[in-house]
Amino acid sequence: MIEFGQPAALWTGLAIGLPILAHMAYRRITERHAFPSLRYIKPSQIPRTGRKTPADLLLLLLRMLIFLVVMILLADPYWSGPELPDKTASGKELVIAVDTSPSMGGWNGMGEAREIANKLIQSTEDKTSVVSFGKKALEEWEAGYDRDTLLKKVTNLNHGWRRGDAQVLAERAGGLFGENSGKKKLVVISDFQRSDWQSVSLNLQQQGVEVEMIRVGVGNETASRFDNRSIVESKVVPAGPGKVRIWTVVRNWSEKKKTDSLQLVIGGEIKDEQKITVAGLSSKQAQFIVPSNEVSQAMIRLANDDPMQLDNQRTVWLKAPPPKYFGFWHDTTSDEQTRSEKNFLGTAVESAGDSGWNRWEEKEDNANELRMGNDDSKLELLLVLGLGNWFETEGLEESFSTFLKKGGVAMITPAEIFSETASVIRNLEWMRFSFTRDEITFENSLTTFAFSNRSCLATARGLLSEKVTLRSPCGRSLPTPIT
Amino acid sequence: MVAATENALLDPAHLSRIEDFSLLAKVVVDGTLPGIHRSLRQGRGTEFFQYRPYDPGEDLKIIDWKVYAKREELVAKTFQEDTNFNLFLVVDTSASMDYQGVKASCSKLHYASMLAACFAYLAFRQGDRVGLFAYGEEVQQWIRPKSGQAHFGRVVNALAQLKAEGENKHEAMWDQMVGNMPGRSTVVFLSDFLEAEDVLPERLRFALSSRYEALCLQVLDREEETLPEGDALRFVEMEGNREVSTSPEVIRSEFRNHMAAFKETLARNFSSVSAEFESLFTNQDLGHALRKFLGIRARNIG
């Protein structure tokens, strides 16, 4: 039935009299006529033409139609649904609130919610209404819709993709019931993710509403992931000049063997596709070879109809990431030993990469910038050679600390006189440690220290502890990383 | 049959198609008034009329010796005697004379020009002198009266070139012309005389003199008496910029009464200065005006 949001606007329909009046008052437009003398030509009223042509009547009807349309539009018409029963009537009312936040897409939460909601609708004798929340709005299907309609709406419920907000339900819950209803019960079906519910207060007892919370989406892995296949891993590795290999692992969570289509999607188009058959409760690898110089990003997608689609795709980068940078700090008085050590370690770090995907590149400028106090210097690894008094003298501890706090990794080699190094470490209170000299004989005049896993009792404290590695310049085995 | 033929020759619907006024005048005059131009006096004059046998005792100067040399026959030349009659045609060429109603075959000025050409031809055939004064806001033509075929041609050419334009300046123009009118003239004034029933009769007071005759021929379009057809028209003045919207249906009766009263006043005022007045419509044949003119002419000659 059509209804009007602004019924007062219907009064504008009176203006329909205007075209009618205009039609009645229509007078012919006068034609110009040159005349020798107007001496005896007196003005007179142009008579209303009594003759109406069909065009005049059509014009009148058109004008009336336009007025009617404008009037109806101003009145804001809308089509109202079937009349709902009086919400204020007494009786029991049940409101089923279904969470449709994105998290309900996992662990078959949405499937369980539909099942539970359906059972409740079918089993209850109370007046039932369904609301869904989690998309920043509350969608309501009020009590009064027939059971079949409610069941159909529940069946079509699906989770959204925006962060859920259960506060909407909390604020509106009280108003979902009729004013004079007898018993009021609210059943909330949700996975009750902490992020959605941590600040929600659903205290409706004061309003006389009984609340029941049913948690879904937390069943055991096997049961919840029944019939699910997912991409558990996807990596890109070099595959020769100008090519990369996208290496993917697909897992079948069901007990039965499943065959799916694994697609390589680039730029929204399926560029490659292959069938992948995975035995029950097992995984299988698949690969795609792609030219790396043409595209920078690709998506691996598992095309199937399993109930959990979120884990069916992975996006990977095809181009090699930029190299990681490393640099050196050492005493400015460069001696032969320091240069030798620097060359050795520089070569070691660079060769740690694969000259393709994972690359290390020495950036002396970046290391110097960091040394000058530029905290934004791009450096992933800092090698401090011959840590000694010069470190304290230059006041580098602050820059060093900031570098480590930002996630940088540092490697320190001891000075020629290890006591200097130890002194610096102690003074800066990076860690508490003690060491014992190994049985190894000093090899040369240089004092070297070897550490073994057994003998190193190094412990660390503070934020620096996990970032500092002590390594012998002669390449002996390292102590276990300090955590 | 004759009448039908005569009416056809005088019908302005036919005559308006003749662009050559000289020819038009001949068609009208020679075709409908055959006896008129014969009533001539033979005698001394500048226009050769005919040969006749020489009567012994007559002046030898009248013998055409060339004819004698050829035919050895004595014949005398006779000449059309020039009259002392001056015909002065005055034509109003103001903008209102350009009006042509829906059913009219020509404008008022064209009708007046046709009449003037016929009068000029009549005068020429009768040995009268013909002059022309045409004015509107300014003098368009001023030809002093003369006789002869060449002069007649000049007059009709001038008539053909008249254009209706501007506002009429009756008083100024007549003041300019009256002082230069030849003695003993018949003035034929062709105009619509609109809004001039008080002004013009004063200017024609010379007609009170026995030396002058004045014939005022009012040329109107039928619609100026009955108003154009239409439920609603916006009338625009031709000699001004006034406009009036009205329904002709509504004002027609009153308008006719006013026009009739206006014509009566005009006739009365012209009569008071001994000027003859006749009102013509552009769909009327030219015979009536011609007969009127001839009547005046006959009184003068007689």
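The model is predicted: local features need pLDDT of at least 70, side-chain atom pairs count only at pLDDT 80 or more, and totals for chains, interfaces and linings use all residues. Residues are numbered from 1 along each chain as its sequence is written, and chains are lettered from A and ligands numbered from 1 in the order in which they are written.

Chain B holds an open sheet of six strands, ordered S6-S5-S4-S7-S8-S11, with mixed pairing. Strands (E, at least two residues) and helices (H or I, at least four) are DSSP runs, numbered from the N terminus. Two strands pair if DSSP finds at least two bridges between them. Strands S6 (139-146) and S11 (276-281) of chain B have a single partner strand each, so one side of each lacks a neighbour in the sheet. From one strand to the next, the twist averages 15 degrees. S8 (residues 212-220) and S11 of chain B pair in the parallel sense over six bridges. B:Cys216 stands opposite B:Phe277 in S11(B).

Helix H6 (residues 149-160) of chain B lies across S5 and S6 of chain B, at about 20 degrees to S5(B). Angles run from 0 to 180 degrees between N-to-C directions, with axes fitted to C-alpha atoms, for helices over the stretch in contact.

The contact between the chains takes 26 residues from chain B and 19 residues from chain A. Residues are in contact if their C-beta atoms, placed from the backbone, lie within 7 Å. Strand S2 (residues 31-35) of chain A pairs with S9(B) in the parallel sense over five bridges. A:Arg32 stands opposite B:Arg234 in S9(B).

Key: Two residues are in contact if their C-beta atoms, placed from the backbone, lie within 7 Å.
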